[in-house]
Amino acid sequence: MRALIVDDERLARSGLRRLLRAHRHVEIIGEAENAEQALEAIRKLNPDLIFLDVEMPGRNGFELLEQLEDVPITIFTTAYDSYAARAFEASALDYLVKPISPERLDASLVRAGKSLRSAAADSNVAGPALRLGHSPLRQVFVRDGDHCWIVRLADISMMESEGNYTRLHFSAGSPLIFRSLTAIEQRLDTSAFFRANRSQIINLHWIEKVESEIEGRLVVKLAKGPKIEISRRQSLKLRQAMSL
Amino acid sequence: MAHISPNAPLVTKHLFAPNARSYYIGQAVGWATYAALLYALSPEHGTATTIATAIWCVAGMIATHALRVYVDRHPWHAISELALTFVIAVAVIPAVMTLVQVVLLTILRSHHVSAAGIAAHFLQGILVIALWCAIYLGAQELRRRRAAEIEALRLALIAQTAQFQALRAQLQPHFLFNYLNSLRELMNEDHERAERALLELSGLLRYTLRADQLETVTLKDELGAVESYLSLEKIRFEKRLRLRYDVDPSSLTAKIPPMLLQTLAENGLKHGIAKLPAGGDISISAVLKNGILRIRVANSGSLRCANVSNAVGLKNARERLRLVYGDRASLDLRASGENEVLAEVTIPRSDGEGS
């Protein structure tokens with residue numbers, strides 16, 4: 001795993017570096033002292049994993065993630081009290097409290113390894129889906145009030161346009177992100193995501209049932225989700241794609 | 001009753017309920033005493049007098065109890081309404097008592113009741129019922145005042161608890177975990193420095209815990225704690241934190257509330273330096289002039305972004321100053337330059353402090 005350490009304190013960075021020495025499969029490809037440096041390093045080095053301090057001068061860890069289109073696997077590090085730690089737990093984000101215990105670090109790295117492998121498996125299935133030279137999105141960071149999520153694209157059943165925003169539907173919630181549906185579409189893996197109509201994109205893996213309506217239009221029922229009407233033009237494409 | 005809001009009933013069940021027992025005891029003892037007095041003072045002592053006295057007093061007791069029940073059940077919104085009820089009661093109850101006695105005595109034929117006797121009974125009844133009303137309302141008012149007092153105490157307690165909790169949250173060494181994290185790495189890097197830092201940390205913790213129990217400390221003690229605190233932060237922030245002290249030696253014996261300077265330094269760091277990627281300066285100065293201690297904590301940063309989260313710590317510091325010095329001390333926070341925030345405290349040097 002290629003990892004980036006983001007922390008404003010030199011001692012905190014070197015401490016983590018020392019702890020990571022015990023993990024040979026983790027290669028530290030860089031360090032950043034603040035959000036700006038981190039942003040640059042992430043874009044340039046494209047790490048698999050980032051260790052991210054929440055409290056930093058300038059933009060904090062969350063604000064950094066909001067700047068990223070595609071979010072690497074993230075392990076937050078924080079000296080926060082238990083209250084803040086609970087907020088992380090509720091949002092199912094992985095975090096380590098400082099001082100970091102080697103056992104907790106082990107557990108987090110195991111989890112990170114697993115998500116990395118499943119992401120790799122996803123993109124193998126996806127095949128050659130690259131567009132505009134970008135790799136398809138793996139996960140996105142979303143913040144809605146006090147809640148934060150790092151959502152794997154595979155977990156999103158549907159995306160819905162709301163003006164300049166897009167609402168993401170997944171099991172834990174349906175927050176808005178400040179990006180247009182069209183902008184997101186360009187970075188999506190086309191073998192998984194399908195434009196259903198002008199305002200909705202669906203995840204094909206989440207389709208439970210397909211019904212045929214008049215004039216050959218299709219209506220799709222998503223698992224644990226609503227029925228989505230497919231526009232006439234797109235119905236044709238969907239039939240081809242699913243070879244119905 | 002003037003301070004009761006117009007919508008609150010003047011007499012409420014709530015006020016009666018816990019005191020029902022004392023009412024019954026008062027009612028029984030009062031009427032029994034009255035009956036005993038009446039009997040003792042009457043010219044003849046015999047069955048007829050006993051019956052007459054008993055009828056009179058029992059009638060009075062029942063009638064006043066009826067009055068109490070009526071007053072109790074009725075929500076009173078105006079003092080005039082309640083007063084009118086009692087005035088009417090003072091006229092009606094004696095009339096009822098007199099009527100009951102005349103009728104019963106006539107039926108029992110034990111007494112001959114003259115017109116003068118009826119008038120005398122009625123007048124006596126008025127006196128007794130007026131006295132009853134006075135005692136009743138007096139007791140009622142006493143109870144109400146006590147309830148108000150208890151309520152005021154309760155509110156004060158709530159306020160104090162909240163203040164205490166706010167203070168504790170403020171004084172909590174939330175910097176602790178960051179230090180421990182830095183210290184752990186420092187142990188590998190520079191053993192001696194880590195050891196010194198650990199001692200600083202112990203001293204600071206001891207001071208913080210003890211500070212809760214003291215009203216004032218000397219500036220020297222507080223400054224020692226603040227220097228420890230900032231030296232620990234220096235380990236974390238390294239070159240990003242630059243410190244300057246300018247303390248007039250004569251001011252060191254002056255007394256200040258504990259954690260005051262600490263709060264200001266912490267604020268300056270948390271809302272100033274920690275927000276600046278390039279870091280900045282914190283300078284602390286103290287002078288004693290004309291019996292007034294003036295402490296200044298200046299930090300790089302801007303007031304704008306500090307304002308909101310700053311409020312709690314500063315509010316507590318101000319409150320502590322007010323508790324100890326009243327209006328004679330002040331705490332002022334302002335932007336003192338393009339990129340500097342200044343917190344300034346003035347404290348009168350209290351009398352009797354050694355110079």
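Reader: In which sense do strand 13 and strand 14 of chain A pair, and over how many bridges?
Author: The model is a predicted one. In it, strand 14 of chain A covers residues 218–222, and Lys221(A) in this strand stands opposite Lys209(A). The pairing of strand 13 with strand 14 of chain A is antiparallel, and the number of bridges is 5.

Reader: Which strands of the open sheet in chain A stand at the edges?
Author: The open sheet has 3 strands in the order 13-14-15, with antiparallel pairing. From one strand to the next, the twist averages 25°. A strand with a single partner has one side left without a neighbour in the sheet, so the edges are held by strand 13 (207–212) and strand 15 (227–229) of chain A.

Reader: How many residues of chain B are in contact with chain A, and how many charged residues has the side of chain A that touches chain B?
Author: The contacts join 14 residues of chain A to 16 residues of chain B. On the side of chain A, the classes are 5 nonpolar, 4 polar and 5 charged residues.

Reader: What percentage of the contacts in chain B, between residues at least 6 apart in sequence, join residues at least 24 apart?
Author: Chain B contains 10 helices and 7 strands. Of its 355 residues, 27% are buried. For contacts between residues at least 6 apart in sequence, the share that joins residues at least 24 apart is 75%.

Reader: What span does helix 3 of chain B reach from its first C-alpha to its last?
Author: Helix 3 of chain B runs over residues 47–73 and has 27 residues. Its buried residues include Ala52(B), Trp56(B), Gly60(B) and Leu67(B). At 1.5 Å a residue the expected value is 39 Å, and the span of helix 3 is close to this, at 38 Å.

Reader: Is Lys220(B) buried, partly exposed or exposed?
Author: Lys220(B) is placed in helix 8 of chain B, residues 219–237. A residue needs 20 or more C-beta neighbours within 10 Å to be buried, and 12 or fewer make it exposed. Because Lys220(B) has 13 C-beta neighbours inside 10 Å, its class is partly exposed.

Reader: What is the C-alpha to C-alpha distance between Lys220(B) and Thr253(B)?
Author: When neighbours within four places in sequence are left aside, Lys220(B) is in contact with Leu252(B) and Thr253(B). Lys220(B) and Thr253(B) are separated by 33 residues in sequence, and their C-alpha to C-alpha distance is 6.4 Å.

Notes. Residues numbered from 1 in each chain as written. Chains lettered and ligands numbered in written order. Predicted model: local features only at pLDDT ≥ 70, side-chain atom pairs only at ≥ 80, totals over all residues. Helix = DSSP H or I, 4+ residues; strand = E, 2+ residues; numbered from the N terminus. Contact = placed C-beta atoms within 7 Å. Pairing = 2+ DSSP bridges. Axes fitted to C-alpha atoms, helices over the stretch in contact; angles between N-to-C directions. Nonpolar A, V, L, I, M, F, W, Y, C, P; charged D, E, K, R; others polar. Expected span 1.5 Å × (residues − 1).
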